[in-house]
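Subject: Structure for your review

Dear colleague,

Please find below the structure that I am handing over to you. My notes on what was found in it follow directly after.

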Protein chains: 2
Amino acid sequence: MIDEKGILFILSGPSGVGKGTVRKALFERDTELKYSISMTTRPQRNGENEGIDYFYRSKQVFEEMIENNKLLEYAEYVGNYYGTPRDYVEETLNSGKDVFLEIEVQGALQVKENFPEGVFIFLFPPSLEELKNRIISRGTETEDLVTNRLLAAREEIEMMDAYDYVVVNDKIETAVSKVQSIVRSEHLRRERVAKQYKKILEADLG
Amino acid sequence: MIDEKGILFILSGPSGVGKGTVRKALFERDTELKYSISMTTRPQRNGENEGIDYFYRSKQVFEEMIENNKLLEYAEYVGNYYGTPRDYVEETLNSGKDVFLEIEVQGALQVKENFPEGVFIFLFPPSLEELKNRIISRGTETEDLVTNRLLAAREEIEMMDAYDYVVVNDKIETAVSKVQSIVRSEHLRRERVAKQYKKILEADLG
């Protein structure tokens, strides 16, 4: 009945929290979601396919895209660029499919700036005690380094404010179910659908 | 881990849309939800219990509660008052339980004014064509009455703007699942939980 656009979902959170594992389990359950395909300047490897594994572009093309704001986010890593092309995301959303992007916190904040209408999900460590223990239990680290890591953790928590949802990754299955609830309920949000209901009603009632 | 307050959910929509049926099916599935108990000035009937079926109060007490803004909404019906007592709702929420309120559109708008932090769900007729057909097919009605009903339907759709979610009641089971997704995902919203995560982190990290 409703001719709806897709929604961009961004799954993010501190490194090591299990973003990739949750994303994989989610895609096994939900085959309707489209995974956002990244663009890169690194050479194509044997067995990889253009438009499936990555979009492969030259450094020059990539930098032009940066200039023209054609990337929702990008970063440089070991001398190569990696980024999320805006056009691919928008075309997929316009075709009515949801796009799912799994990404580090810094990248998510860039996406937030370029695509605020996305739904931002923060994946939280299974327990904060565990986080603390993990930091402290690296016995060889100096006291300064422990302090730095605690500060970094705090900063990451502060970034949570840019997100719409917080999901604790205690058990993968539970976390995936929660993300699925978010995907379903976001499609029911009045801001997204009311205009179309009204349009249909106007057309219907003349 | 998270010591969370409950959430007030309001299920509403045009009369005849099936609010009661959806609510009953939801309560069969989810035994954790608490149904909001109304207050009334009508006499207690045989077999009814105070605090289970209704809170029974005198007209004087009820009117004092209206005066003191102790009701989230109220209405008069066949000479008796019916309303939703704020204290019962707040005590239940403070105990960590969700409260579920099923109510007409006018009542929901009153609740919205008195308790904007509630989550408002608009139940939509199975199809708009059906709505139109229902109105027109009452063959005995004058053309004026049909026009009035179409206008009323339009007004009800306008009221949708006060709601957070829209759920189409096409199949009861589907509608109930959607409401359940909303209940689950609202508990994951960052505004509700971030403060507590931060508090725990501060305590943990010292």
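Helices in these notes are DSSP runs of H or I of at least four residues, numbered from the N terminus. Please bear in mind that this is a predicted model.

I begin with one residue of chain B. B:Thr92 lies in helix α3 of chain B, which covers residues 86-94. Is B:Thr92 buried or exposed? Its relative accessible area is 8%, and because buried means under 20%, B:Thr92 counts as buried. The side chain of B:Thr92 comes to 2.7 Å from the backbone oxygen of B:Tyr88. Leaving aside residues up to four places away in sequence, B:Thr92 is in contact with B:Lys34, B:Lys97 and B:Val99.

α3(B) lies across β4, β5 and β6 of chain B and runs at about 25° to β6(B). The sheet itself is open and has four strands of chain B, in the order β4-β3-β6-β5, with mixed pairing. At its edges are β4 (55-56) and β5 (71-77), each of which pairs on one side only. Strand β3 (residues 39-40) of chain B runs parallel to β4(B), and two bridges join them. In one of these strands, β4(B), B:Phe55 is the bridge partner of B:Met39. Helix α2 (residues 59-67) of chain B also packs on the sheet, where it touches β3, β5 and β6 (80-85) of chain B; the direction of α2(B) makes about 45° with that of β6(B).

I turn next to the packing of helices. Two packed helices are described by the angle between their axes and the distance between the axes.

Within chain A, helix α1 (residues 19-29) and α7(A) cross at roughly 65°, and their axes come within 9 Å. The crossing is right-handed. On the side of α1(A), the contact is made by A:Thr21, A:Val22, A:Ala25, A:Leu26 and A:Arg29; α7(A) contributes residues including A:Ile172, A:Val176 and A:Gln180. By class, this contact has seven nonpolar, three polar and two charged residues.

Between the chains, helix α7 (residues 172-186) of chain A packs against helix α7 (residues 172-186) of chain B at an angle of about 120°, with the axes 8 Å apart. Here the crossing is left-handed. A:Ser181, A:Ile182, A:Arg184 and A:Ser185 meet B:Ser181, B:Ile182, B:Arg184 and B:Ser185.

With kind regards

Terms used:
Residues numbered from 1 in each chain as written. Chains lettered and ligands numbered in written order. Predicted model: local features only at pLDDT ≥ 70, side-chain atom pairs only at ≥ 80, totals over all residues. Heavy atoms only, no water. Axes fitted to C-alpha atoms, helices over the stretch in contact; angles between N-to-C directions. Left-handed = near helix turned anticlockwise from the far one by under 90°. Contact = heavy atoms within 4.5 Å. Buried < 20%, exposed > 50% of the residue type's maximum accessible area, 1.4 Å probe, protein only. Polar contact = N/O pair within 3.5 Å; in protein donor to acceptor, adjacent residues only side chain to side chain. Nonpolar A, V, L, I, M, F, W, Y, C, P; charged D, E, K, R; others polar. Pairing = 2+ DSSP bridges.
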